[in-house]
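User: I am new to this structure and would like to go through a few parts of it. Can we take them one at a time?

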Amino acid sequence: MNLKVTAPRNMRDFGLEVFFSKWEFTARHHMTASDLESMSLSDLLAMASNEDRKAFEELWLGYTETWGAPQLRREISSTYDQIPADNILCMAGAGEGLFAIPNVLLTRDDHAIVPTPNYQGAETIPLSICEVTGLPMVYSSPSGIGSGAEKGGWRIDIDQLRDAIRPNTKLISLNFPHNPTGTLMNSDDLADLVSIARESGIYILADEVYRGVELDPIDRMPQIADVYERGVSLNVVSKAYGLPGLRIGWIASQDRAFLQRVERFKHYLSICNSGPAEILALIALKSRHEILARNRAIMLENVLALERVFDMFPGLFEWFRPLGGCVAFPKYCGPDGAETFTRKLIEESGVLLLPSSIYSSDLSETPQNHFRIGFGRNQVFKEGLAVMAAHLEKHYPDHKVAPD
């Protein structure tokens with residue numbers, strides 16, 4: 001396959017957020033959320049030590065350190081194998097990191113590689129600076145599983161990635177566990193990718209916001225900052241921890257000089273993070289084993305329930321159980337197409353899913369007739385799934401199998 005190189009262009013509207021601005025807080029059943037089950041402030045504070053709770057209650061509400069609170073950076077550092085606290089830079093959510101890193105790293109003369117489909121910011125921001133090549137993820141039908149197809153149904157073709165590299169390639173942008181497919185890279189592919197990048201001195205930005213909520217921990221990938229000297233790990237408490245209201249993220253890298261440049265760029269953005277949010281994020285990170293275990297349990301229960309619904313309507317969906325994160329990208333096989341299916345679902349039954357058109361790309365063609373579904377929330381998902389099942393029974397009775 002000859003991959004297209006796309007010339008720089010102005011940033012377009014963020015399609016997912018435009019869509020959410022209409023539906024996210026008005027849909028009766030938000031079934032496409034990309035975060036895990038959240039909690040109340042009182043629930044989080046109940047996890048705190050006496051010392052941390054007192055620090056929160058007596059906090060002085062002034063400016064904070066641009067790099068992030070030292071104790072927070074130390075706790076984040078403990079989630080890595082090779083990264084000291086001095087090599088952690090806290091950000092205002094993951095979005096600030098996704099914006100800052102390409103702007104610091106890339107110039108108009110550079111080139112970047114971004115897989116598709118993707119979280120739009122991963123491609124739109126680099127594309128506003130330089131040429132970008134889209135690397136379409138390879139999809140295997142469920143019938144191929146067990147005959148050499150990639151576990152999880154989706155993968156990056158390493159040979160295509162190698163062919164996409166140019167003399168001026170500066171950045172490869174990754175996202176695993178992947179949004180929207182829920183797939184992961186296997187260890188051989190990751191090792192090959194790092195070797196390819198090292199050979200050409202290319203930076204790898206890895207969006208790792210779902211790390212820690214793999215359905216099977218044996219599939220968990222190492223963090224890119226631990227295994228590659230030009231790897232930049234991006235993470236946040238919004239997704240796996242279910243705490244998007246805190247707006248606390250971070251980047252980690254062995255390249256301290258690069259982090260210093262991002263810190264200087266941050267002076268033009270948030271300047272510093274919220275002091276109360278930093279303490280609350282510290283409490284969450286100290287309680288991470290409890291929080292992540294709870295969230296994985298919710299995900300597994302919901303995935304099994306979703307599979308039972310899909311099994312009731314054979315031939316209507318192609319489904320891969322995701323390997324990590326709380327979203328998946330099933331294929332809708334009905335005659336009316338995914339756009340009509342998702343539109344009728346929200347308009348008639350109040351169930352919100354993301355049609356694959358939201359993942360359209362400036363870089364390459366993206367899969368059609370898929371939809372994103374999120375299963376990281378608890379009662380919200382269960383109630384929505386019941387309504388979705390009733391909708392399917394009403395509109396697709398010919399696809400339903402009789403109960404045993």
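User: Which residue in E11 is the bridge partner of Ile 88?

Analyst: The model is a predicted one. Strand E3 covers residues 88-92, and five bridges join E3 to strand E11, residues 248-253, with the two running antiparallel. In E11, Ile 88 has as its bridge partner Ala 252.

User: Is strand E3 largely enclosed or open, and how many of its five residues are buried?

Analyst: A residue counts as buried when its relative accessible area is under 20%. E3 is largely enclosed by the rest of the structure, because the number of its five residues that are buried is four.

User: Is Ile 196 buried or exposed?

Analyst: Ile 196 lies in helix H8, residues 187-200. Beyond its neighbours within four places in sequence, Ile 196 contacts Ile 158, Arg 162 and Ile 165. Its relative accessible area is 9%, which is under the 20% cut-off, so Ile 196 is buried.

User: What is the volume of the largest cavity?

Analyst: Searching the whole structure gives five cavities of 30 Å³ or more. Of the 15 residues lining the largest cavity, those closest to its centre are Phe 176, Ala 206, Glu 208, Met 221 and Pro 222. Its lining comprises nine nonpolar, two polar and four charged residues. The volume of the largest cavity is about 110 Å³.

User: Which element gives the most to the lining of the second largest cavity?

Analyst: The second largest cavity has a volume of about 70 Å³. Strand E4 (111-116) and E8 are the elements that give two or more residues to its lining. With three residues, the element that gives the most is E8.

Technical notes: Residues are numbered from 1 along each chain as its sequence is written. This is a predicted model: local features need pLDDT of at least 70, side-chain atom pairs count only at pLDDT 80 or more; totals for chains, interfaces and linings use all residues. Side-chain values use heavy atoms; hydrogens and water are left out. Buried means under 20% relative accessible area, exposed over 50%, partly exposed in between (1.4 Å probe, protein chains only). Contact means heavy atoms within 4.5 Å. Two strands pair if DSSP finds at least two bridges between them. On a 1 Å grid over the protein atoms alone, a cavity is a set of points where a 1.4 Å probe fits but cannot get out, and a pocket is an open set with protein on both sides within 12 Å along at least five of seven lines; lining residues have an atom within 4 Å of a point. Grid points are joined across faces, edges and corners, and a volume is the space filled by probe spheres set on the points. Ala, Val, Leu, Ile, Met, Phe, Trp, Tyr, Cys and Pro count as nonpolar, Asp, Glu, Lys and Arg as charged, and the others, Gly among them, as polar.
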